[in-house]
Amino acid sequence: MTVDATQHSRTPSAEHENQASQTFPEGFLWGTATASYQIEGAWNEDGKGESIWDRFAHTPGRIDNGDTGDVAADHYRLYKDDVRLMKALGANAYRFSISWPRIFPDGAGAANPKGLDFYNRLVDELLAAGIAPFATLYHWDLPQVLQDRWGGWESRDTARAFADYAGYVAERLSDRVRSFFTTNEFAVFVDSGYGEGRFAPALRLPPARLNQVRHNAVLGHGLAVKAIRANAAPRTRIGLAENLAVGVPIIETPEHIAAAERFTREANAPYLTAILEGRYTDAYLASQGANAPKYDSEDLKIINSPLDFVGINVYVPKYVRAIDAAPGYEQLAFPKSHPRMAAPWSFIGPEALYWGPRRLMKLWNVSDIYITENGCAAADQPAADGVAHDVDRIMFLRNSLTQLRRATSEGAPVRGYFHWSLMDNFEWASGYGLRFGLVRVDYATLKRTPKLSASFFKAVATQNQVA
Ligand code: FCB
C-alpha cells in the first residue's frame, strides 16, 4: 500500500496558512459593474439622442413583459445614492459605461454638454468616495441615427465616429478617469444584434455581411485606442471588456489542457484573438471562405494597437476535451442536469475564473488582467426581514472567487474583480425579469435594499480574501 506523502505535510499552523492562502494580491481592486442603458433611465432627457436600445425596447414584442429602459433604476437621478451603496459595499473601484447618444445625440458632430456633465458629476462623486472610476465607452447603446444613416456597425463610418466620440470623452474625463474600456463584448452586440436579431438593432444579416460587422467592430476598437492615446492625459490606461470564450479542460491533464488552449484561441478568432495577434487565424478564414471579412494590412495594425490591460467578462465555461480527429479538441454540450442559475444560459462552472486568466497569460502574454464582469441572476425573494437571502448567489460568488484566487496564487496578473452587478437592472431582452444585483431594486418605488450577498461581497472586499 502506498501512502500519500502530502497527507502528512500539514503542520500545526496549517489552518492559519490556509486562511492566508485565501488572500488576493495587495492592491487588488474590488468593484461592481453596470452599463448606461441598463441603469440610467432618463432616456430622452437633457438633450440625449435615441439609442438603438431605446428603439428596440420601444418596439412591441422585443423585450419580455414589454419592459423598457426608460426609467430603469433611475441612476441618472439617484447616482449619489448609488455611490453611497458602493461605498457601503467596501468597493474601491466601479465600472460604468457612457451613453454615446448622451454625448453626441446625432452620433457625431456637435456634442451635448449636458450629457458629459452627468458623467462629470458621477466621476467626481466616485472620487470623493475613494472609488476608482473605470469607464466603458461602448456598452451597446449606439446612437439610432447612425444605424439609420450608415447601417450602424455595417459601416466603417461608424467605427470612425466611435473613435471620434472615444477621443472626445477621454480628453475630457482622463484628468480623473485613469482607465477606459473601448467596448463591451463584441460577440454579444454583433452576433445577437446583427446576426440573430435577438438584440438591437434586430438584424439577421447573412454571413459575409455579419463578418464585415465583426471586422468593423474590432476596427472601431483599434481606432478608439488610437484616438484615446492621442487625446487623453499621458498616463491613461486603455483596454477592453470581452466575454472571452474560456475553454476549460474537462480533466486537468496535459492533453486536455492543450486542447482547451487551442479551443480558446480559435473560439475567439474574430475578436480577442484578432486584436491581440493582429491577424485572423487561418482556421477562421478557411471556415468562412468567400464570406470572410474584407480588410487590408493597415486595418490589422490598427486592430492590434497595444493595450494596457485586458478585461474579461466571465460567466459560463466551455468544457473541452482532447480528441484524435482534427482539430484536436471538442467542446462538450451541457447535459440537461448541469446546474445553472436563474438565467437560462447561466451554467455554473467557476473554473472559468481560473482558466480565463491563465489562457490570457499563456496565449497572449497579457500582463494586466481584470475580471470586468462575473455574476448571476437569482430568484431573490426578500425574507421576513426584508432582505433577500440569496445564498445561491453567495455560493456562486464564493466558488468563482476561490478559482480566481487559485489563478492569482499561481501568478496570474489579475488586478481586480468587478461583480455584475451593483444592483438589479434592465437585463436586455429579458427586461427586469432577471435580477443580477448585490442590491435589490424595487422597481415600483426605486428603493434599493442590499441583499445578503452584499454583506458577503463586503467581507471579501474589505479583507481582500475569499470570505
Ligand atoms: C453581459 C453583459 C451585461 C449583463 C450581463 C448579465 O453579457 O455585458 O450587460 O447583461 O451579461
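1. Ligand surroundings. Around the ligand stand Gln38, His139, Trp140, Asn184, Glu185, Tyr315, Glu373, Trp420, Glu427, Trp428 and Phe436; a residue counts as near when one of its heavy atoms lies within 4 Å of the molecule. The model is predicted, so local features need pLDDT of at least 70 and side-chain atom pairs count only at pLDDT 80 or more, while totals for chains, interfaces and linings use all residues. Residues are numbered from 1 along each chain as its sequence is written, and side-chain values use heavy atoms, with hydrogens and water left out.

2. A polar side-chain atom of Glu427 is 2.6 Å from a ligand oxygen. For Trp428, the distance from a polar side-chain atom to an oxygen atom of the ligand is 2.9 Å. A side-chain N or O atom of Asn184 is 2.9 Å from an oxygen atom of the ligand. On its own the ligand has 290 Å² of accessible area, and the protein covers 94% of this (Shrake-Rupley method, 1.4 Å probe; for residues, only the protein chains shown count as cover).

3. Largest pocket. Its volume is about 1,000 Å³. On a 1 Å grid over the protein atoms alone, a pocket is an open set of points with protein on both sides within 12 Å along at least five of seven lines, a cavity is a set where a 1.4 Å probe fits but cannot get out, and lining residues have an atom within 4 Å of a point. Grid points are joined across faces, edges and corners, and a volume is the space filled by probe spheres set on the points. The lining has 40 residues, with Glu185, Val188, Arg198, Asn243 and Trp345 nearest the centre. It divides into 22 nonpolar, 9 polar and 9 charged residues (nonpolar: Ala, Val, Leu, Ile, Met, Phe, Trp, Tyr, Cys and Pro; charged: Asp, Glu, Lys and Arg; polar: the others, Gly among them). Helix α9 gives the most to this lining, 4 residues.

4. Second largest pocket. This pocket holds about 170 Å³ of space. It is lined by 14 residues, and Leu276, Leu307, Val310, Trp364 and Val366 are the closest to its centre. The lining divides into 8 nonpolar, 4 polar and 2 charged residues.

5. Cavities. There are 4 cavities of 30 Å³ or more. The largest cavity has about 60 Å³ of space. Among its lining residues are Tyr37, Glu40, Trp43, Lys48, Asp54, Arg102 and Asp141. The lining comprises 2 nonpolar, 4 polar and 5 charged residues.

6. Backbone points to check. Most residues other than glycine have a negative phi, and most peptide bonds are trans. Glu185, not a glycine, has a positive phi of about 55 degrees; Glu185 sits in the loop between β4 (179–184) and α9. The bond from Trp420 to Ser421 is cis, with omega near 15 degrees, and Ser421 is in the loop between β11 (414–420) and β12. Ala326 and Pro327 are also joined by a cis peptide bond, omega about 5 degrees. Helices (H or I, at least four residues) and strands (E, at least two) are DSSP runs, numbered from the N terminus.

7. Strands β12 (residues 439–442) and β13 (residues 447–450) run antiparallel and are joined by 4 bridges; strands pair if DSSP finds at least two bridges between them. Val441 has Arg448 of β13 as its bridge partner. Between the strands lie 4 residues, and Leu446 in the turn has a positive phi of about 65 degrees.

Terms used: Polar contact = N/O pair within 3.5 Å; in protein donor to acceptor, adjacent residues only side chain to side chain.
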